[in-house]
Structure formats: structure tokens, C-alpha cells
Amino acid sequence: IVSMCACSSAKKEDTVETIKIGLAFPMSGTAAMAGKYSTHGADVLKEELGGKITVGDKEYPVEFVTMDTEGSEEKTTNVYQKLIEEEKVIAIVGPDSSKCMLAAAPIAQNAKCPAITTFGTNTAVTEVGNYIFRACFIDPYQGEKMATYASEKLGAKTAAVFYQTGNDYSEGLMNAFVEKA
């Protein structure tokens, strides 16, 4: 993992002493609670790992470098650049929205730095490249499953769909639900 996942900004002759993983989440702003949940999860993981990751037969200390995206595309791209270029992380977890991931993913892809979004459900997220991943179901899948549940489990023959206009996530689910229903 150390040699395969190191971003291209790290020099090949560098010796890895600590595995640094970037956490790019909204720690302030309207989505701050989600960022706090995610970073708390990383703290729990680090504790469970005893602060170390074993690669082959060698143990490395693990360090999570947390930066605030504020839920903003512009801020997220700045955070990605800092994590890759200045902090020399080997991978990035976050952001938690499709819009922010779509803005920052090309930076990670160009640096060959693996990045995973926690809640980026837009299908275009992973189309950015082979270093970009997601940890959740895509909008079409979620909308399809909701429509199937309404029809098969609830026996619904008609439905009213309430969604938030201007919210990509809400509109994506609505469109997928309507298409399947």
C-alpha cells in the first residue's frame, strides 16, 4: 500500500516513516455535523489499529491529516492541493458530497492519489478516473430501490414525489425514482 498508493507528488527516494491519510470534510458550515461524524470515525479506527498500520511485515504509524472543506467546492480543491502537495498524504477520504468531489477529484487523479468520497452519489464521480472511488450507492440505484420497495412491499400504484429543487442529490433520487416507478 505504501509504494503503490503514494501520490505522484511524493519523491520515489523518500522513505515512508508515517502513513499520512488526508481527511477532507466540512468541519464548519451547514454540513459540519457530517464532517464531525466522519472524523470521529477515523479517530475510532486509529484507536482500534493502535495507531499503526501493518504493511507486509513492517508496522507504520498512521496519521490522519484533517482539513475543513466547509462544504465548498473551491475550498475542497484547495484542501486537496494542500493535502497532496504540502502534507504528502498517500490517500484522501472525503469530501462527503458529489459536488465537492467532482471539483477536487481531477486534482487527486492527476496526482495519482487515491481518493474516496463517503456520500458522493452522483454517477459522474468515479468517471473522473481510476484513482477516484465512492463508499455509497449511486443515485440511480437508490431511486430504483425506493420505487421497487414502494411498488412491491407497500403495494403502491401511485406516488407523489417531494424533492428539493436545486439540490442535486434530491433531484437525482427523484429522477431515478420516477424513471423506475
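Predicted model: local features only at pLDDT ≥ 70, side-chain atom pairs only at ≥ 80, totals over all residues.
**Figure 1. Glu 87 counts as partly exposed, at 24% relative accessibility.** Lys 20 belongs to strand β1, whereas Glu 87 sits in the loop between α3 (73–86) and β4 (91–93), so the pair ties together parts that are 67 residues apart in sequence. Lys 20 has 18% relative accessibility and therefore counts as buried, because the cut-off for that class is under 20% relative accessible area.

**Figure 2. A salt bridge joins the side chains of Lys 52 and Glu 59.** The N to O distance of this pair is 3.8 Å. Lys 52 has a relative accessible area of 39% and is partly exposed. Strand β2 covers residues 52–55, and strand β3 covers residues 58–68.

**Figure 3. Strands β2 and β3 form a hairpin.** Two residues lie between the strands. Gly 56, in the turn, has a positive phi of about 65°. The pairing of β2 with β3 is antiparallel and runs over four bridges. Val 55 has Lys 58 of β3 as its bridge partner. Strands of a sheet pair through backbone hydrogen bonds, either parallel or antiparallel.

**Figure 4. Strand β1 pairs with strand β3 in the parallel sense.** Strand β1 spans residues 19–25, and seven bridges link it to β3. Two of the residue pairs can be followed here. Ile 19 has Val 62 of β3 as its bridge partner, and the partner of Phe 25 in β3 is Asp 68. In a regular strand the side chains alternate between the two faces of the sheet.

**Figure 5. Six strands make up an open sheet with mixed pairing.** The order of the strands is β2-β3-β1-β4-β5-β6. Strands β2 and β6 (132–134) are the edge strands, and each pairs on one side only. Direction ignored, neighbouring strands of this sheet are turned by 30° against each other on average. Along the sequence, the protein follows the pattern α-β-α-β-β-α-β-α-β-β-α-α, with six helices and six strands.

**Figure 6. The largest pocket holds about 600 Å³ of space.** Its lining is made of 26 residues, and those closest to the centre of the pocket are Ser 98, Thr 121, Asn 167, Asp 168 and Tyr 169. Helices α4 (98–111), α5 (139–153) and α6 (168–180) each supply at least two lining residues. The largest share, seven residues, comes from α6. By class, the lining has eleven polar, eight charged and seven nonpolar residues.

Figure 7. Taken along the principal axes, the C-alpha atoms of the protein fill a box of roughly 65 × 35 × 30 Å.

Technical notes:
Residues numbered from 1 in each chain as written. Heavy atoms only, no water. Pairing = 2+ DSSP bridges. 1 Å grid on protein atoms, 1.4 Å probe; cavity = no way out; pocket = protein on both sides within 12 Å on 5 of 7 lines; lining within 4 Å. Points joined across faces, edges and corners; volume = space filled by probe spheres on them. Nonpolar A, V, L, I, M, F, W, Y, C, P; charged D, E, K, R; others polar. Buried < 20%, exposed > 50% of the residue type's maximum accessible area, 1.4 Å probe, protein only. Salt bridge = Lys/Arg side-chain N within 4 Å of Asp/Glu carboxyl O. Axes fitted to C-alpha atoms, helices over the stretch in contact; angles between N-to-C directions.
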